[in-house]
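Student: I would like to learn how to read a protein model. Could we go through it one feature at a time?

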Amino acid sequence: MSDVPALELVDIQRTYQQASEPLPVLRGASLTLHPGELVALVGPSGAGKSTLLHVAGLLERPDGGQVRVEGRDCGRMGDAERTQMRRTTIGFVYQFHHLLPEFSAVENVMLPQMIAGLGKGEARARAMELLSMVGLTKRASHRPAKLSGGEQQRVAIVRALANAPRILIGDEPTGNLDHHTADDVMNALIAIVRNVGLGALIATHNLELARRMDRIVALEDGVLIERS
């Protein structure tokens, strides 16, 4: 593992205003994520896991604390720089695949690369390489409606990796799948993280899948606690 963490959350605080009352969600959450490491994030619904992931992924600014990506303090960045960081350094996978239905699997993986400025030929070559990593070479020309749920989610995973991010953030990426399919998708995700050397923070309610990762952290009362 690199000596420089892929991601550091330091004393993160986030409070929402609910009617006339403040609602503290994060009360000093801290986490260090290294390259090549998979960390499972667990906790009951409503504990603030999605809020933590949004802060970690620079989609939301905390009220206090620091977010550091590869040693860089993201709190000092303007919105344009944070947007660029999300495009190039952070990949997101959600519970629902959010693939564009009018495009094929390979085109869905090509699009983020072309938006980032890569030529069509190079984008297609990298997309095919990524799809081969999850066993979908023969399904590359199929649109999402012709893919199974597990295949769609595997496409979503490699789409998140299209621009070679250093951090992968997953919000219940297997939560919409049956047990067997979820296991297959997690196998693909773990293999890619190990192969590429990403740091991955994955929220899940599935403790069996969580135990397959390197560490488990639980969000309780707004703070992160290491679990065995």
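Student: Which residues of helix 1 are buried?

Tutor: Lys 49, Thr 51, Leu 52, Leu 53, Val 55 and Ala 56 are the buried residues of helix 1. Buried means under 20% relative accessible area, exposed means over 50%, and partly exposed lies in between (1.4 Å probe, protein chains only). Helices (H or I, at least four residues) and strands (E, at least two) are DSSP runs, numbered from the N terminus. Because 6 of the 8 residues of helix 1 (residues 49-56) are buried, this helix is largely enclosed by the rest of the structure. Just after helix 1, Leu 58 takes a positive phi of about 65 degrees.

Student: Where do these values come from?

Tutor: This is a predicted model, where local features need pLDDT of at least 70 and side-chain atom pairs count only at pLDDT 80 or more, while totals for chains, interfaces and linings use all residues. Residues are numbered from 1 along each chain as its sequence is written, and side-chain values use heavy atoms, leaving out hydrogens and water.

Student: How do I read a sheet?

Tutor: Strands of a sheet pair through backbone hydrogen bonds, either parallel or antiparallel. Two strands count as paired if DSSP finds at least two bridges between them. Here, an open sheet of 6 strands has the order 6-7-8-3-9-10, with mixed pairing. Its edge strands are strand 6 (90-94) and strand 10, each pairing on one side only. From one strand to the next, the twist averages 20 degrees; axes are lines fitted to C-alpha atoms, for helices over the stretch in contact, and angles run from 0 to 180 degrees between N-to-C directions.

Student: In which sense does strand 9 pair with strand 10?

Tutor: Strand 9 and strand 10 (residues 223-227) pair in the antiparallel sense over 5 bridges, and Ile 216 stands opposite Arg 227 in strand 10. Their hairpin has 2 residues between the strands, and Asp 221 takes a positive phi near 50 degrees there. With strand 3 (residues 38-42), strand 9 (residues 215-220) pairs in the parallel sense over 4 bridges, and Val 42 stands opposite Ala 218.

Student: Which strands does helix 6 lie across?

Tutor: Helix 6 (residues 179-196) lies across strand 3, strand 7 and strand 8, running at about 135 degrees to strand 3. Helix 2 (residues 79-89) lies across strand 6 and strand 7, at about 75 degrees to strand 6.

Student: And what should I look for in a core?

Tutor: In soluble globular proteins, nonpolar side chains tend to be buried together. A nonpolar core is a set of buried Ala, Val, Leu, Ile, Met, Phe, Trp, Tyr and Cys residues joined through side-chain atoms within 4.5 Å. The largest one here has 41 residues, and those with the most contacts inside it include Leu 38, Val 109 and Val 158. Helix 6 gives the largest share of this core, 8 residues. A second, separate core of 30 residues includes Val 67, Ile 169, Leu 219 and Leu 224.

Student: How many aromatic pairs are there in the whole structure?

Tutor: A pair of aromatic rings is described by the distance of the centres and the angle of the planes. Rings of Phe, Tyr and Trp (its six-membered ring) pair if their centres lie within 6.5 Å; planes under 30 degrees apart count as stacked, over 60 as edge-to-face and the rest as tilted. A search of the whole structure finds 1 aromatic pair. The ring centres of Phe 92 and Tyr 94 are 6.3 Å apart and their planes are at 5 degrees, so the pair is stacked. Phe 92 counts as buried at 19% relative accessibility, whereas Tyr 94, at 31%, is partly exposed.

Notes:
Contact = heavy atoms within 4.5 Å.
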